[in-house]
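Visitor: I am new to this structure. Please show it to me, and then I will ask about its parts.

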Amino acid sequence: MEKELYVKKETEKYIRQISRIFFGLYLLLLVYLMFFAEEWGRSMLEGDYRYNLMPFREIMRYLRYYRQIGPWRVFWNLCGNIICFIPYGALLPAMRRKKMGFLKVALLSFELTLFIEISQLILRVGSCDVDDMLLNTLGGCMGYGIYRLVFRKKEMRLYEKTI
């Protein structure tokens, strides 16, 4: 039993270390995509300020003009914002020794998104959009949900072994 606990602690430590590496790589990729990916219209200090401060305005516009905008662009704008933050919500609690709750992950997802959106506004890169904040936060929450499903499955297996 003592050996099993040692193996479990070593495995958890290894998972935390790997999660930290992936988290660092994820943040580098996120910074690139949000600020430097020219194929996504990201170039520093060019163009007009573009911003949306009205919740659901851009989401509804994308859905309303789906045919004119094109399905691929609609998918990338709506689902891409969610998908891009799923790793954040999953890796954040995986890196920590102490448990992290849903509200903390949601708040940290929102804070990071707010920082990105304000930075985009100040640097005039991309567009500052409150809808992106909503979608990114949703993605972080979904990532946490995926983390919990995996973690819960692991807890259930451990519980079954002790019975």
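Guide: One term comes first: buried means under 20% relative accessible area, exposed means over 50%, and partly exposed lies in between, with a 1.4 Å probe and protein chains only. This is a predicted model, in which local features need pLDDT of at least 70 and side-chain atom pairs count only at pLDDT 80 or more, while totals for chains, interfaces and linings use all residues. Residues are numbered from 1 along each chain as its sequence is written, and side-chain values use heavy atoms, with hydrogens and water left out.

Visitor: In what order do the elements of the protein run from the N terminus on?
Guide: Helices (H or I, at least four residues) and strands (E, at least two) are DSSP runs, numbered from the N terminus. The protein has seven helices and two strands. Their order is α-β-α-α-α-α-α-β-α.

Visitor: How many residues of helix 5 are buried?
Guide: Helix 5 covers residues 86-94. Its buried residues are Y88, G89, A90, L91, L92, P93 and A94. Helix 5 is mostly covered, and of its nine residues the number buried is seven.

Visitor: Which residues have the most contacts inside the largest nonpolar core?
Guide: A nonpolar core is a set of buried Ala, Val, Leu, Ile, Met, Phe, Trp, Tyr and Cys residues joined through side-chain atoms within 4.5 Å. The largest one has 19 residues, and those with the most contacts inside it are L30, F85, Y88 and I116.

Visitor: Which helix supplies the largest share of this core?
Guide: Helix 1 (2-36), helix 5 and helix 6 each supply at least two residues of the core. The largest share is six residues, and it comes from helix 1.

Visitor: With which residues is L30 in contact, leaving aside its neighbours within four places in sequence?
Guide: Contact means heavy atoms within 4.5 Å. With those neighbours set aside, L30 is in contact with F85, L112 and I116.

Visitor: How far apart are the end C-alpha atoms of helix 6?
Guide: The expected span of a helix is 1.5 Å times one less than its number of residues. Helix 6 (residues 102-123) has 22 residues, so it should span 32 Å. The model agrees with this, as the end C-alpha atoms are 31 Å apart.

Visitor: What arc do the buried residues of helix 6 cover around the axis?
Guide: V105, A106, S109, L112, T113, I116, E117, S119 and Q120 are buried in helix 6. They lie on the same side of helix 6, because the arc they cover (taken from the directions from the helix axis to the C-beta atoms) is only 160°.

Visitor: Which backbone oxygen does the side chain of Q120 reach?
Guide: Q120 lies in helix 6 and is buried, with a relative accessible area of 2%. At 3.1 Å, its side chain reaches the backbone oxygen of M34.

Visitor: What phi does R124 take?
Guide: Most residues other than glycine have a negative phi. R124 lies in the loop between helix 6 and strand 2 (128-129), and it is partly exposed, with a relative accessible area of 29%. Although R124 is not a glycine, its phi is positive, at about 60°.

Visitor: Where is F56, which has a positive phi of about 70°?
Guide: F56 is not a glycine either, yet its phi is positive. Its place is in the loop between strand 1 (51-52) and helix 2 (57-64).

Visitor: Is N52 buried or exposed?
Guide: N52 is found in strand 1. Leaving aside neighbours within four places in sequence, it is in contact with R57, E58, C128, D129, V130 and D131. With a relative accessible area of 3%, N52 is buried.

Visitor: What distance separates the C-alpha atoms of F151 and A94?
Guide: F151 is found in helix 7 (residues 130-162), and it is buried, with a relative accessible area of 17%. F151 and A94 are 57 residues apart along the chain, and their C-alpha atoms are separated by 9.1 Å.

Terms used: A polar contact is a pair of N or O atoms within 3.5 Å; within protein, one must be able to donate a hydrogen and the other to accept it, and residues adjacent in sequence count only if both atoms are side-chain atoms.
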